[in-house]
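Subject: Structure handover

Hello,

Here is the structure we discussed handing over.

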Amino acid sequence: MKEKRLERDFFMTDALRLARALLGKILVHETPCGRVRGIITETEAYMGVDDKGSHTYGGRRTKRTEPMFHIGGTSYVYFIYGMYNCFNVTAGEVDEPMAVLIRMAEPADEESRAVMERLRGRSDHLADGPGKLCIAMHITREDNDVDLAEAEHFYLTEGIAVEENRIRAGKRIGIDYAQEAADYLWRFTLT
DNA sequence: CGGCTGATCGTG
DNA sequence: ACGATCAGCCGA
């Protein structure tokens with residue numbers, strides 16, 4: 001069966017709503033190592049210029065953060081801690097620099113599990129963290145600034161239906177420097 | 001399971 | 001210098 005692909009309008013909202021909406025959706029990446037499909041199970045919202053946790057807080061616009069200013073549905077992949085990548089999906093209009101960090105995914109089928117196991121070099125904890133997810137789904141900086149609503153090899157599909165009561169909200173991880181914004185319940189997990 | 005630590009480098 | 005992190009190790 002052919003899964004329905006997510007179109008532009010899905011991404012044309014704010015990061016908080018998009019972060020919830022992305023739970024249960026399937027991220028698809030066609031790579032040289034094979035096709036990998038992951039069901040998204042944890043996300044974090046980064047709300048942009050007014051959010052002290054966001055790379056674009058205060059309107060900070062640099063070569064690194066540039067994709068966050070692009071149209072909703074653009075990939076934003078950045079390098080962190082000298083060894084890992086983090087994958088985000090931008091939200092909203094051009095020049096509204098919001099994004100959703102994709103923190104976790106489950107392999108959506110057995111072929112995807114096999115690819116993830118090979119890329120990760122282990123059979124557990126395949127994509128239960130933003131860095132691990134990028135390794136398991138072969139997301140690199142070459143996948144930065146790609147339009148996920150248009151690209152052939154990198155996109156999202158409808159996935160599974162998610163009841164509101166299966167979504168847990170919690171504090172975002174790793175942004176202790178963000179003062180009061182560190183306590184916002186802007187992390188969403190599918191239980 | 002929770003806490004600690006070293007690895008490692010592009011960006012500002 | 002400093003991170004939107006991870007793995008391995010420790011103790012409980």
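Predicted model: local features only at pLDDT ≥ 70, side-chain atom pairs only at ≥ 80, totals over all residues.

Residues are numbered from 1 along each chain as its sequence is written, and chains are lettered from A and ligands numbered from 1 in the order in which they are written.

Helix α3 spans residues 110-120, and its buried residues are S112, V115, M116 and L119. Viewed down the axis of α3, these fall within an arc of 100 degrees, so they line one face of the helix. The arc is taken from the directions from the helix axis to the C-beta atoms. On the other side of α3, E110 and R118 are exposed. (Buried: 20 or more other C-beta atoms within 10 Å of the residue's own; exposed: 12 or fewer; C-beta atoms are placed from the backbone. Helices are DSSP runs of H or I, at least four residues, and strands runs of E, at least two, numbered from the N terminus.)

The buried residues of α3 pack against β2 (34-46), β5 (98-107) and α4 (130-136), with contact meaning C-beta atoms within 7 Å. Just after α3, G121 has a positive phi of about 70 degrees.

DNA strand C is surrounded by 20 residues, the closest being H55, L101, G129, G131 and G174. Here β4 (84-91), β5 and α4 each give two or more residues. Around DNA strand B are T62, K63, R64, T65, F79, Y81, G82 and M83. Near means a C-beta atom within 6 Å of the strand.

Regards

Conventions
Contact = placed C-beta atoms within 7 Å.
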